[in-house]
Amino acid sequence: MRKTLLALLGATAMMGTIATPASASTQETREFAGHGSSDFGLALFYARQDARAQANRAGFTDCEEYFKLVISPYDATVFWRCIR
């Protein structure tokens, strides 16, 4: 009897945690690609500046750079993921 009661209580506890709905998130996520080129080797700087300007125009302030592609010091692309 005791084992049955403990099994039922354990199953109820598990179903309570599994059946609980996840909280709804109102955060919006968006990705931006910044491109830069420079004759002076500042392509990465310009690419980041481009991505930041795009994010700011769209109203996103919390961003992280998740990938950068530096073909040469004269040509670069960065990818940013932003949330608000």
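Buried means under 20% relative accessible area and exposed over 50%, with partly exposed in between (1.4 Å probe, protein chains only). The views below show a predicted model, in which local features need pLDDT of at least 70 and side-chain atom pairs count only at pLDDT 80 or more, while totals for chains, interfaces and linings use all residues. Residues are numbered from 1 along each chain as its sequence is written, and side-chain values use heavy atoms, with hydrogens and water left out.

View 1. Helices (H or I, at least four residues) and strands (E, at least two) are DSSP runs, numbered from the N terminus. Along the sequence these elements follow the pattern α-β-α-β-β. Of the 84 residues in the protein, 18% are buried. Among contacts (heavy atoms within 4.5 Å) with a separation of 6 or more, 57% are accounted for by residues 24 or more positions apart. The accessible surface, computed by the Shrake-Rupley method with a 1.4 Å probe, where for residues only the protein chains shown count as cover, comes to about 6500 Å², and 60% of this surface belongs to carbon and sulfur atoms.

**View 2. The open sheet of 3 strands, in the order E1-E3-E2.** Two strands pair if DSSP finds at least two bridges between them, and the pairing in this sheet is antiparallel. Strand E1 (29-37) and E2 are the edge strands, each of which pairs on one side only. From one strand to the next the twist averages 15°, where axes are lines fitted to C-alpha atoms, for helices over the stretch in contact, and angles run from 0 to 180 degrees between N-to-C directions. E1 and E3 run antiparallel and are joined by 9 bridges, with Phe32 standing opposite Trp80 in E3. Helix H2 (residues 43-58) lies across E1, E2 and E3, and runs at about 145° to E1.

**View 3. The hairpin of E2 and E3, with Pro73 in its loop.** E2 and E3 pair in the antiparallel sense over 9 bridges, and Ser72 stands opposite Asp75 in E3. Pro73 counts as partly exposed because its relative accessibility is 47%. When residues up to four places away in sequence are not counted, Pro73 touches Gly41, Leu42 and Ala43. Pro73 and Ser38 are 35 residues apart in sequence, with a C-alpha to C-alpha distance of 7.8 Å in space.

**View 4. The disulfide formed by Cys63 and Cys82.** The structure holds 1 disulfide, a term used here for a pair of cysteine sulfur atoms within 2.5 Å, and the sulfur atoms of Cys63 and Cys82 are 2.1 Å apart. The pair links distant parts of the chain, with Cys63 in strand E2 and Cys82 in strand E3, 19 residues apart. The torsion about the S-S bond of Cys63 and Cys82 is about 110°, and the disulfide is therefore right-handed. Cys63 counts as partly exposed because its relative accessibility is 26%, whereas Cys82, with a relative accessible area of 0%, is buried.
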